Every structure is written in structure tokens, then in C-alpha cells.
Amino acid sequence: MSHACALARFIKQNQPDTVIAFDAPSCRVVAQAIRYSKKMLPLISWLHYSLDHKKHAKQALVADHHLAISSGIKQQLIKRGVSPERISLIFNPVTPQSVVIPRPTDKTVFIYVGRLKFEGQKRLKDMLDAFSGLHGEWECHFIGDGSDAEICQAYAHQLDIADHLHWHGWQEKPWEYVQKQIPSVSALLLTSSFEGFGMVLVEAISYGVYCISSDCPSGPGDIIKNGVNGQLYAPNVIKEKITLNDNIDTLRINAFNIAYGIDKNFIFGCGISISSILLNNKGREIVFHIFTDCFDEKNISEFTELSHQYNTQIIVYLINCDELKKLPSTKNWSYATYFRFIIADFFNGLSSKVLYLDADIICNEKLDELINLDLGVHIAAVVSEGEKPWWSKRAHALGDEDISNGYFNAGFLLINIPLWAKEDISRQAMNLLSKDEIKEMISFLDQDILNIFSVIKNKIEFLGAHKTNKEKMLHIAYGVDKNFLFGAAISATSTIINSEIPITLHFFIDSIRYDDLHRFKKMSGRFNVDIFIYNINKTPLKDLPTKNWPYSAYYRLIAFDYLESYTDRVLYLDADIVCKAPLDELIHLSFDNAICAVVTDIEGMDKKAIERLDCPEIEDVYFNSGVMFVDLKKWHQQNLTSNVIKFIFEHSELKYPDQDALNMLLLGKTFLLPRKYNSIYSIKSELYDRTHQKYKKIINNESILIHYVGTTKPWNEWGQYPSTIFFQKAYLASEWNDVPLLKPRTSLQWKKISKHEFRKYHLFSGILARLKYIITK
């Protein structure tokens, strides 16, 4: 009370505009002080710790607005009832560094910078336990002090790793100290059970130091992008590792890894499953991994005997289920059903693939086909469950019509580990499982989630380019829904008939009819081109804004991520783009250090973008995202697909969600192409041109790609003018030349028709179209 009164007097005397509180108890005191002062002052909380790990966190809720230093803290506030509009996500800043701390070439050097806490928040015990399994030349330097320093050092001696560790104590300027005393660093380690932000990670990355951190709440997930600037791992998951046959090298590089995720009720079945595999695959190098929450002395004895009997390796991992208890479970399913996610993450960096099996699976044949199977660009090999009626039933229950084409059983998963990690499947699946609306839909827990989560449901290939020079191939991608597939097909045809270089076409689409598939097959053979069609599942994208834009606006992001393992570059085109001249020059285009080549938007759009995005630097470089020639390796290195989606989530007010986000995140990273590669023209212009010849100012002899923007498209029957002649040529040359141009379907289109009909002096047709508009609007 005395603190509140004193602060109230200060407020009256100094008349501040705002009060910012840095912890929850201070929020309560400040709120009282503002009341006592009888002033109308906004109170802002700026917490630098996880709310889930503080006793009085609820006291922060009295604030009028909240500054969250991490996405985790923002979600914790929302979970406590704070409206997202009252929260601003502002990460802690770091000073950019010009110095890069190099990596050693002769040994592995780890560093830890922070308080020395054996368990609790920092959990150095986990780090020391992990070190006990390392071999070869390595060392770790600890910079910091704390109440548990002696406990940590004693535990290191107990594990017989003390000779590898160096304790430097507290340093006032730790990074200056590192540069002087530890000249090269392989990685910084952080094993925390929770953080507010994880400032040490940002500081390390500013010096070019790779970071390995627990994916704890909250902060590290905002900072680290797996495989780019570091690696995240699930914290406190594996409590203990038990190797059952010490006579065998556990690292057997050529061995095939098979993993089980079980609770105590399935240990017996797991033993039978392993035995059946060993009986049918004698002589094969196989290592078995059992992830479980319970494994007693009797189990150890029985499985050790099995391991020696077949001279194979069995490794047991005891799982901490505390975090998993937050996920849904039923009387029919235990938390062990989620172990497959832990398994997939565990093998990241250790193996290229792993076979996950439920304990009730028996083997009666050799596994040679699976062991030698190349998964290529597929995240996993699966087996369907049931037949069409069951698929349809699950599709209806989950609200995902694509599942009616195939629903798989998650008891068998041959996982492509690098792709699984790249797509961050485990974490995103866990996030979906925590959402209330998802919990209400699912009956088969992780199996339903994995079926829902698959972004690319299947791929259809028409290979017709067997005689072409694939080294000089131009890959072109489209992202469309069923309403724009017709336009995309004509656009693709225009690129083929106007170019001499070999072209491969990629279509990312959420729905396609058999008739269109048949036409694409004919197109592939007739023009000697490879055509790939990827069926997209919209469900993982359902939270992205679609008020004025369809889901297909985001398919280009999926294309850029997915095609990275297939080609180095891809030319993305919107469906309303028509090619009128060769694209051959693009094959030899040098990007310099840019991530992609683009064309600026029409005059004035950059000025509007500056005001809309509050970014003056975007002047003269704001680009139209309908044409993007992308270096996929650089795109992947910057983790841009995830970053763009994250940016859109955090800025839901964007007028052009994907285009605005792309411009902001690619600022300073683009190569500007001349206007001829994106000649932007609106058919609406014909309403103001009686001669219908002014289009030549935009679509001229230099134009290569024409972009028909606006509601009226060249494939609409009312959009036929001299300016669309290039579309008409491609249309007649295509496999769709017998498909009528599209008629109006919406009231807005009827309104557009009436205007175009009046401009063409078709008065009767114009009047009818206007009546249709009035009736249907």
C-alpha cells in the first residue's frame, strides 16, 4: 500500500504519459497508484519471463496493454484471457556485430553462457548427461557462475567427463572474453526448461555462432530456425538411455533403424514384433530403438537376452511424459501414441530415415524393399487404412475432403528424417493437437492429425521430356484453385509455344477434375514436356487470412519450399499471365547475391505501400508477386516460407497478405527485372478506350510476359479485345481449345459484363447483364 501511495504522489507531481511495469507484482502496485492518483494513465506490462513459471503472473493482467518479448509469452497472455489486440510482440534487440567467431576445424568446441543451475530453469544436468555419451575430440567452456557451480563440477567428475570441461566463472563482458580466450566455437548450448526470450541465443547468432537449444517456452522457437542458424530439440523428453548389448557398436552407420513408441502395456508385444523381424531378416544390420515411459529390471533382462541371442542392438529411451500430458488422450489411447513425434525429432542428424512401427505389427517377410527404398521428395511412406467408404467417413469427420482420396494408418511410418525436420512436422502437429477446435474433431489423435497435416496429398506425373536437354531446363510453377486452373493451363501453353528452351511445369492445386488430368497428359506428350501436379491440402493453411484472397495465393510459398530438392531455380507465374516471347534469357540470368528476380509493381503502388507498411525503404522496389524467379537454395537457407507465413500471422491487417509480406522480408534481397517480364495490364482499361489500341503502350514489342490483372480475365467470354490476342493464340494452341470461355458466375462479374457490353455498344446484352447483376447481388 505504501508503495502505491508513493507512486501515486509521483504521478501527480510528474504527469507521465504512460507507465510501464516490468514484472507482474509491479503491475498490481502501479494499477493501485493510478487509481489513487485519479489520473487516466495507460498501464503497459513488459514482462521478461515466462508467465507459466511465476507465482503471481495473473497480477500482470490488470495492464491496459502488454509488450510480449516472445511469441510464447504472447500466447501465455492470450491463454489467460488477454485479447490479441492488446498485445504487441516486440523481440529484444541485439547490436549487430561485424566480427564472426570462427568454427574450429580440428575438434568440437561448445560454450555455455549463463547462470550455473544444475536443474531448475537452466538444467545443466541435461547438458552434462548428453556430454557423457560423446566420443572423440570435444570440449565445453562454461562462462558464468551460480549457486550450483560445485554441484555441476562434481557431477561432471561422476560422469568422468571433467577433463573435457572448462569453468571460466562470471565475466562482465562475456563475448569479448570469448573472442580473447576461446578463439573458435562450434556451437552455443542452452538446455533451459523455460526462458523469457533467450537473449544469449541472439547474442551468439550476432557473432555467427551456431546455437543448439531446447525448444522450451518461450523464446528459442522465435530465434532459431532449424538447420539455418541452429537446432531446436524437445526439452526434458528423454530421461535415460539404456543400451542392452555393450558388445555392439551403437553407431552402426549402415544399420537400418526401427523404432517403437510404447507404454508398459505393449512391452511384451514389442518383444514379439522385434523377434519376428529378426527371424525373417537374418544377417541384416538392424538397430531397434524402444521409446517408453516404463522399463523395469525384468524387461531389461528379457530384451538384453533377445539382443544377445540375435547379436543385434536394442536401445531403450525412457520418456518424460510431463509435456505430453497437456495433449488430448482418451480411454483408448495413451500418451505413448505421441512418442512417434519424439522419435522423428530424435533421429534428426543421426539417420536419413527410420521405420516407426506400432508394437502390434508382425513381420513375416524380408524388409529389403523398405531398407533400399529411396523416399526422394516424400516426407514418409505410408499404408492406407480401409477402403473408400472409410476414407470418406474420416474426411467428413475431419472436415477435409482430400482425405476421401486416401486415409493412412500411422502404425507404419517410414520417415524421411531430413524432410520431416525441414517441414517441422512434429512441432506443428503438436500445436494443432493443442487447439480446442481440433480436439473436438479428432478420434484417432495423432493419426488424424498426420492425415490432416499432410500439405501435399499426392503428386501426379506426366513425363514427356525424355529427349530434351534437362541441364538447360526452365522450371515454371503455378499455384491455383479450380477457378484459375483453366487460365493456368493456357498460360503454361503460352510459355511452351513461345520458347525454344525445354520447360518443366509444376501445378500446385487443391482440386482437379479427371478431364483436366487427361488434357495435361495429352499436353505432356504433344509438347514433349514434363508436367507435375501436386494436390494441396488446404487445412494447414486455414488460419491464414482469406478475406479478399483465396488459399491458392499461398501455394507459391509451398512450391518454393517443396521444389528446393528438385531444382535450383523456379519461375513462378500467376495464372493470369500470358507469354508472348521467348523466356530463354532467364536461363542465363545472374542473380548476383539476390534471392529472387522480380518486377516492380505499377506506378504509385510503392507510394501506397510506404504508407500502408510504414516502410520508406520500399520506394521504387515494391514488386508485384505475380512473377518471381527464385533461387530456391537461398530461399531455403533464409527459411522464407515459414517466415512469410509467420509475418502474415503477426500482421493480419495486410491489404495484400502474401505480396506485402514478401516485399518486407525480401527488402534488399531482390534483383529487379525490366518491365517486359511483367507488363501489367487491366482489361478494365478497355472501358475508357474507344479505339481499343491504347494497350500497345503497355503491351509492346518488348513485352515477354503480359499480366492481365483485375476481375475480368482473358478467359472470360466478355473480356475479348485486341489486347487479349496473345491469350487467344495460346488458347487455340492448347489442349483446352474446345472448352468454352468462361461465363459469369458472380454478381460482380455480371456487373463487369454490363459495362463491357455497353462499351461495345451491345445495348440489349448490357441491359440484360445489369438486370442479372441486380437480381444476384
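**View 1. The largest nonpolar core of the predicted model.** In this predicted model, the largest nonpolar core is made up of 67 residues, and those with the most contacts inside it are F131, F142, L165, W175 and L188. Helix α2, which covers residues 24-37, gives the most to this core, contributing six residues. Domain 1 (3-89) and domain 2 (108-233) both supply residues to this core, so the core lies between them. Apart from this core lies another one, of 59 residues, which includes A492, F527, A581 and V627.

**View 2. The surroundings of F142.** F142 is among the residues with the most contacts inside the largest nonpolar core, and this close-up is meant for tracing its neighbours one by one. When residues up to four places away in sequence are not counted, F142 touches Y112, L116, L124, M127, L128 and F131, and also L165, H166, W167, H168 and G169. Two of these neighbours, F131 and L165, are themselves listed among the residues with the most contacts inside the core.

**View 3. V200 in helix α7.** V200 lies in helix α7, which runs over residues 199-206, and with a relative accessibility of 13% it counts as buried, because buried means under 20%. Leaving aside neighbours within four places in sequence, V200 is in contact with V113, W175, L188 and L190; of these, W175 and L188 are also named among the residues with the most contacts inside the largest nonpolar core.

**View 4. The crossing of helices α1 and α2.** Two packed helices are described by the angle between their axes and the distance between the axes. The axes of helix α1 (residues 2-14) and α2 come within 8 Å of each other and cross at roughly 55°, and the two helices are therefore oblique to each other. The crossing in which α1 passes α2 is right-handed. On the α1 side of the contact are H3, A4, C5, L7, A8, I11 and K12, and these meet V29, V30, Q32, A33, I34, Y36 and S37 on the α2 side.

**View 5. Helices α9 and α10 side by side.** The axes of helix α9 (residues 267-280) and helix α10 (residues 297-309) come within 11 Å and cross at roughly 5°, which makes α9 roughly parallel to α10. In this pair, I267, C270, G271, I274, S275 and L278 of α9 meet N299, F303 and L306 of α10.

**View 6. The exposed residue I362 and its contacts.** I362 is placed in the loop between β15 (353-357) and α12 (368-372), and it is exposed, with a relative accessible area of 51%. Not counting residues up to four places away in sequence, I362 touches I272, S273 and S276. From C-alpha to C-alpha, I362 and E686 are 69 Å apart in space, and in sequence they are 324 residues apart.

**View 7. The crossing of helices α23 and α24.** Helix α23 (residues 640-650) and helix α24 (residues 657-665) have axes that come within 9 Å and cross at roughly 120°, and this makes α23 oblique to α24. The crossing of these two helices, α23 and α24, is right-handed. The residues that meet here are L640, N643, V644, F647 and I648 from α23, together with P657, D658, A661, L662, M664 and L665 from α24.

**View 8. A buried loop residue, S723.** S723 is found in the loop between β28 (705-709) and α25 (725-733), and it is buried, with a relative accessible area of 0%. If neighbours within four places in sequence are left aside, S723 is in contact with Y681, E686, Y695, I699 and Y708.

View 9. D592 is not a glycine, although it has a positive phi of about 60°. D592 is placed in the loop between β23 (577-579) and β24 (596-600), where it is exposed, with a relative accessible area of 56%. D620 is likewise not a glycine and has a positive phi, here of about 70°. D620 is placed in the loop between α21 (605-613) and β25 (623-631), and at 54% relative accessibility it counts as exposed.

Note on methods: Residues numbered from 1 in each chain as written. Predicted model: local features only at pLDDT ≥ 70, side-chain atom pairs only at ≥ 80, totals over all residues. Heavy atoms only, no water. Core = buried A, V, L, I, M, F, W, Y, C linked by side-chain atoms within 4.5 Å. Buried < 20%, exposed > 50% of the residue type's maximum accessible area, 1.4 Å probe, protein only. Helix = DSSP H or I, 4+ residues; strand = E, 2+ residues; numbered from the N terminus. Domains from an automatic or database assignment. Contact = heavy atoms within 4.5 Å. Axes fitted to C-alpha atoms, helices over the stretch in contact; angles between N-to-C directions. Parallel < 35°, antiparallel > 145°, perpendicular 65-115°, else oblique. Left-handed = near helix turned anticlockwise from the far one by under 90°.
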